[in-house]
Amino acid sequence: MTALIVIGIIVLVVIIAGVAMYNGLVRLNVRTDEALSDITVQLKRRLDLIPNLVNTVKGYAKHEAEVLETVAKERAGAISGGGSIKETAAADNVLTGALKSVFAVAESNPDLKANQNFLQLQAELTDTEDKVQAARRFYNSSARDLNIKIKTFPTSIFAGMLGFKTREFYEVDEAEAAAVNKPVDVNF
C-alpha cells in the first residue's frame with residue numbers, strides 16, 4: 001500500500017512539473033510573438049511616415065531624385081517584406097540605410113533643414129526608430145529566454161515532444177552596429 005502511495009506521489013509530481021514546464025513554454029512563446037508583433041507595428045509606423053518625408057524633400061531637392069527613388073523602392077521592398085525574421089531584418093536594414101541618405105540630402109539643404117514639416121517628420125522618424133530599437137531588444141530578450149528554456153534539461157524533453165521551436169534573433173546590420181559603436185564628434 002505504501003509503495004502505491006509513493007508511486008502515486010511520484011506520478012503526481014511528474015504531472016505537476018510537466019504542466020509547469022508546458023505553461024512556462026507557452027508563456028515565453030506568447031511573449032515572443034507579442035514582441036515580434038511590436039516590431040511589426042513600429043516598422044509599419046515608420047513605413048507610413050516615409051511617403052510624407054519623401055514628398056517634403058522632393059519640393060526642396062529636385063536634383064536628388066535618385067536618392068528619393070531609392071527610398072521609395074526600399075520602402076516598397078520593406079512593405080512586401082519577407083516571412084522570416086532574417087528577411088524582415090534585412091529589408092529593415094536596407095531601408096534604414098536609404099533613410100540615412102535622405103537625411104544627408106537634408107543636411108546639405110539649409111531651406112529643407114529649416115522646414116517645419118520636415119523637422120516634425122524627422123522627429124517622428126527618430127522617435128519611431130527608438131521604438132523599433134526597443135521592440136528589437138524586447139523581442140531578442142524574449143527569444144533568448146524561450147531558446148534557453150527550450151534547450152535546458154528537462155524542459156528540452158517536453159519542448160521537443162510538444163513541437164516548440166527556437167526563435168531566430170532580430171539581427172542589426174553589421175555596418176549599423178559598427179556605426180553605433182563609432183565615437184561621435186561633438187563641437188560647441
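Me: Contact means heavy atoms within 4.5 Å. Which residues in α6 do K149, I150 and K151 in α5 meet?

Reply: This is a predicted model, where local features need pLDDT of at least 70, side-chain atom pairs count only at 80 or more, and totals for chains, interfaces and linings use all residues. Residues are numbered from 1 along each chain as its sequence is written, and side-chain values use heavy atoms, with hydrogens and water left out. Look at K149, I150 and K151 in α5: their partners in α6 are T155, S156 and A159.

Me: How is α5 oriented relative to α6?

Reply: Helix α5 covers residues 116-151 and α6 covers residues 155-162. Their axes (lines fitted to C-alpha atoms over the stretch in contact, with angles from 0 to 180 degrees between N-to-C directions) lie 6 Å apart at about 100°. Because 65 to 115 degrees counts as such, α5 and α6 are roughly perpendicular.

Me: How many helices does the protein have?

Reply: Helices (H or I, at least four residues) and strands (E, at least two) are DSSP runs, numbered from the N terminus. Along the sequence, the pattern is α-α-α-α-α-α-α. There are zero strands, and the number of helices is seven.

Me: What span does α3 reach from its first C-alpha to its last?

Reply: Helix α3 runs over residues 85-107, with 23 residues. At 1.5 Å times one less than that number of residues, the expected value is 33 Å. The model comes close to this, with a span of 33 Å.

Me: What share of the protein's residues is buried?

Reply: Buried means under 20% relative accessible area (1.4 Å probe, protein chains only). In α3, the buried residues include I85, L95, L99 and V102. Across the 188 residues of the protein, the buried share is 31%.

Notes. Buried < 20%, exposed > 50% of the residue type's maximum accessible area, 1.4 Å probe, protein only. Parallel < 35°, antiparallel > 145°, perpendicular 65-115°, else oblique.
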